[in-house]
Amino acid sequence: MQKSIFLITLIFSLVLSKFASAVQPAELFVEQCFLYAAKPWKTSEFRPNNDTQNLLQLAYQLEAQTLGLHNINRLLKYYRRQPQSPEIEEKLLQCQIKIADHYGRLVKHDSLKRLTARLLSPQNKKLEHSAKLYAKNMNKEIDAQLNRREKSILHIDETLIKQALSQKNLAITTLDSRCKLNTSASTETQQGNNTNKNGIAWYLMQQTDRPCRVAAWKSYQGRAKQKLSRSMERILQIRETQANTLGFNSYTDFTLQYQSLSNTDLVKRFLDSQTTKLDVAPWDIGIRLAQLPKIKIQHQNTQTILTNLSSRLPAISLRFEQTTTNRLKVWHNHRYLGELLLRPAQKSHFENIRQLVIGQQFGLGQLSYKATLNTYRDISAFSRALAIAIVSFTKNSSFYINNVSNEYEDLAALGEIWLTQYIQSQLFPALDLHPRVKLKNRYQKQLNVFRAKVALNQYVGSNSKSVYPDIAQEFNNGFGYYWHQSNDYPFSFKGIVTQGPTYYKKVWQQAIAERINQSMHAPKMQKFVFDTLVLNLNQIPIEKRLPALLDIESLQDQNFKIQDVIDHL
């Protein structure tokens with residue numbers, strides 16, 4: 001086992017080397033992946049009793065068993081995002097299937113179920129919180145397992161839906177002749193010279209006839225319905241069967257058991273509280289934004305920002321030591337956390353290559369960044385990528401799964417969202433106060449609220465009533481206009497399959513993060529938020545941290561529940 005982990009680590013060190021291209025690391029990786037063999041469990045070794053030390057020992061033994069698989073899986077994701085030859089792509093896919101099968105067999109082992117049951121037993125109340133959280137997270141993994149056929153169908157159908165909805169071109173042939181535009185004209189838009197003149201955004205900006213814009217937008221939203229209906233049916237059937245097998249009425253009920261908003265009534269209550277009539281329809285938003293003053297961005301050199309991170313972001317109690325122009329070592333006080341690789345690119349994004357696990361391994365990530373930040377979109381992407389990178393180095397558990405998951409899935413990105421807002425406010429002050437940004441954010445929020453309602457309905461189950469019986473009215477509640485083609489709704493956004501019933505998570509976490517910012521806007525309080533919300537060295541449950549972060553007197557109560565926050569957002 002240790003040898004396998006060492007080989008994988010060695011291979012990735014070649015990726016980081018300036019000589020990597022000469023040694024073809026992807027080919028080396030797939031060869032070692034095929035040789036990798038997870039050590040089978042010996043049932044005799046896993047006989048958990050109520051002795052706390054015995055339980056912890058077994059949990060750490062399992063952690064050692066799975067860590068190598070998790071590291072390989074991260075490398076797989078890394079390599080699959082890079083351009084590869086068809087032969088290597090096929091081998092990477094085979095490797096992914098092999099590792100998934102290994103992990104599936106391990107997770108479904110009866111000994112694991114006995115271990116998690118013991119860890120969560122009322123008889124072990126004194127067991128440390130991280131061990132109980134580990135057991136809860138492993139139970140999620142157990143419940144999420146599907147057989148190979150089901151996984152294959154889901155993967156194929158979800159990929160088809162995501163690919164189809166990624167196509168931004170508008171099928172002009174479906175429009176009335178009077179609504180067609182001359183795409184050969186050299187018209188420039190607010191989007192710039194590189195705008196796709198077959199795309200829906202360009203069309204809506206150029207079309208002055210409002211009924212044509214309405215028809216085009218609605219046609220675009222339903223463009224994939226006929227092609228993808230069967231795929232959606234199969235996904236819903238598999239998910240409902242999965243939920244029914246585990247004793248739940250619907251996949252919505254099954255997924256909400258892991259959330260802080262743990263049932264449809266709570267999610268509906270929250271979404272309704274966030275619904276406000278915008279009076280700007282989606283087919284008009286581009287024109288309305290263009291009528292507002294332009295955002296004047298002072299171009300920023302990203303390398304300069306990264307060189308001075310500690311001074312530019314005083315609330316972040318991490319230290320960044322630049323060893324070369326493309327490497328930052330990350331420290332907390334005198335504790336080394338890992339290394340952040342810097343890579344100039346066309347867009348800013350972060351890849352977590354090796355997850356920090358206390359006592360097991362240091363973190364390793366790659367921050368790709370645009371050399372100069374020229375637009376609001378550049379700034380938003382960079383702020384988010386940097387926030388995700390920083391958060392990846394703040395995990396304090398000795399269990400891998402605790403560092404990549406959360407007690408409540410719908411609060412897992414709260415620290416990242418708050419930190420994104422903080423970074424943007426420090427590096428680009430007052431940007432969120434610009435009229436265009438404010439309208440864009442209000443529009444995006446209402447769109448996300450509406451989509452969350454659609455997703456909640458979609459997975460509610462064939463034998464259950466819809467959470468929102470009149471979903472067309474919900475569109476009107478958010479935008480002040482009707483979109484009556486309700487059958488098109490689920491085929492208009494990828495999140496319907498990537499997030500499903502928990503699509504509301506971003507709105508929920510965004511609302512809490514904004515409320516924290518209102519309460520803790522003073523510079524000295526921002527450091528408190530980072531240490532409490534993001535760093536959380538003592539691994540205190542979120543229920544015990546939120547009241548202080550929100551600074552709402554009525555929530556300072558022993559019987560505080562997270563859903564109590566809804567009335568204060």
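I counted a disulfide as a pair of cysteine sulfur atoms within 2.5 Å. The model is predicted, so I kept local features only at pLDDT of at least 70 and side-chain atom pairs only at pLDDT 80 or more, while totals for chains, interfaces and linings use all residues. Residues are numbered from 1 along each chain as its sequence is written, and side-chain values use heavy atoms, leaving out hydrogens and water.

**Disulfides**

I found two disulfides. With the bonded cysteines numbered in sequence order, they pair 1-2, 3-4.

I looked at Cys33 and Cys95 and found their sulfur atoms 1.7 Å apart. The torsion about this S-S bond is about 85 degrees, so the link is right-handed. Cys33 sits in helix H3 (residues 25-35) and Cys95 in helix H5 (residues 86-107), 62 residues apart; helices here are DSSP runs (H or I, at least four residues) and strands are runs of E (at least two), numbered from the N terminus. Cys33 is buried at 0% relative accessible area, where buried means under 20%, exposed over 50% and partly exposed in between (1.4 Å probe, protein chains only).

Next I checked Cys179 and Cys212, joined at 2.0 Å from S to S. Their link is left-handed, with -75 degrees about the S-S bond. Cys179 is buried at 3%, and Cys212 is buried at 0%.

**Sheet**

I then traced an open, mixed sheet of five strands, ordered S2-S3-S4-S6-S5; two strands pair if DSSP finds at least two bridges between them. Its edge strands are S2 (319-324) and S5 (349-354). S4 (residues 335-345) and S6 (residues 363-370) run parallel over eight bridges, and Pro344 has Tyr369 in S6 as its bridge partner.
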